[in-house]
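Subject: Structure for your review

Dear colleague,

Please find the sequence and the structure below. My notes on the model follow.

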Amino acid sequence: MSARLIFDTAPLGAIIRYSDGTPRPPERHRRKLQAWERHNNTGRLVKRQAGARVGKTIVPGSFTLHEGDYGTKAVIVLKVFKTFSLDSDLDFTVIERPSAGSVLVLSRPGDAGELVHVAVSRAAADEWLSRHGYPDAVLYEVTADQLAADHVEGRAV
């Protein structure tokens with residue numbers, strides 16, 4: 001899929017794989033492997049941002065993937081995100097969609113909201129929010145009807 005198709009069809013919370021099409025180097029080639037992983041990895045779709053016009057410059061739309069958290073035990077020291085422009089030449093694939101009944105926790109309402117957590121239920125989302133804050137958070141439950149609509153529209157994995 002193209003970056004545009006991911007932007008248009010993939011739901012927030014989906015796990016997305018991106019690739020430049022090159023083969024994975026052997027483990028023993030650490031530097032080559034690290035360079036390869038910068039263009040071939042997976043992440044959770046957490047944000048979409050529409051294109052904009054700034055003066056005479058047109059900024060294309062983009063989407064952001066959360067690739068992982070680093071830290072020790074319960075303390076996260078570093079969150080890794082990667083943002084892709086809609087004109088990216090990488091190939092994208094939806095690996096997994098949020099399951100029916102899961103609850104997406106968005107940082108704030110509206111288009112500026114960013115996915116901060118995917119909970120298995122409403123109770124789990126409320127419990128997570130009680131520990132992590134986000135006073136303007138919006139909870140969005142994934143329904144079976146939405147998953148069926150994605151399948152009918154040709155957006156199924």
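How many salt bridges are there, if a salt bridge is a side-chain nitrogen of Lys or Arg within 4 Å of a carboxyl oxygen of Asp or Glu? The count comes to five.

Before the details, a word on the basis of these notes. The model is predicted, so local features need pLDDT of at least 70 and side-chain atom pairs count only at pLDDT 80 or more, while totals for chains, interfaces and linings use all residues. Residues are numbered from 1 along each chain as its sequence is written, and side-chain values use heavy atoms, with hydrogens and water left out.

Overall architecture

The protein chain holds four helices and ten strands. Both kinds of element are DSSP runs numbered from the N terminus (helices: H or I, at least four residues; strands: E, at least two). Read from the N terminus, their order is α-β-α-β-β-β-β-β-β-β-β-α-β-α. The C-alpha trace spans about 45 × 40 × 40 Å along its principal axes.

Of the 157 residues in the protein chain, 30% are buried. Here buried means under 20% relative accessible area, exposed means over 50%, and partly exposed lies in between (1.4 Å probe, protein chains only). The accessible surface comes to about 10000 Å², and carbon and sulfur atoms hold 53% of it; such areas come from the Shrake-Rupley method with a 1.4 Å probe, and for residues only the protein chains shown count as cover. Among the contacts (heavy atoms within 4.5 Å) with a separation of 6 or more, 55% are between residues 24 or more positions apart.

The five-stranded sheet

Five strands form an open sheet in the order S6-S5-S2-S1-S7, and their pairing is antiparallel. Two strands are taken to pair if DSSP finds at least two bridges between them. S6 and S7 (91-96) are the edge strands, each pairing on one side only.

Strand S5 (residues 62-72) is joined to S6 by ten bridges, and the two run antiparallel. Ser62 stands opposite Ser85 in S6, Leu65 faces Lys82 in S6, and Asp69 has Lys79 in S6 as its bridge partner. The hairpin of S5 and S6 has two residues between the strands, and Lys73 takes a positive phi near 50 degrees there.

To S5 is also joined strand S2 (residues 41-49), antiparallel and through five bridges. In this pairing, Arg44 stands opposite His66 in S5.

The nonpolar patch

Which residues make the nonpolar surface patch of about 430 Å²? The members are Tyr70, Val75, Val77 and Leu78. Patches are made of residues with over 30% relative accessible area and no salt bridge; like charges are joined within 9 Å and nonpolar side chains (Val, Leu, Ile, Met, Phe, Trp, Tyr) within 5 Å. Strand S6 (residues 75-85) gives the most to the patch, with three residues. Leu78, found in S6, counts as partly exposed because its relative accessibility is 46%.

Salt bridges in detail

- Arg4 and Asp8: the closest N and O atoms are 3.7 Å apart. Both residues lie in helix H1 (residues 3-9), four residues apart, or about one turn of the helix. Arg4 is partly exposed at 44% relative accessibility, and Asp8 is partly exposed at 43%.
- Glu27 and Arg24: the closest N and O atoms are 2.6 Å apart. Glu27 is exposed, with a relative accessible area of 52%, whereas Arg24 is partly exposed at 43%.
- Arg131 and Glu127: the side chains meet at 2.6 Å, N to O. About one helical turn separates Arg131 and Glu127, because they are four residues apart in helix H3 (residues 122-132). Arg131 is exposed, with a relative accessible area of 52%, while Glu127 is partly exposed at 39%.

With kind regards
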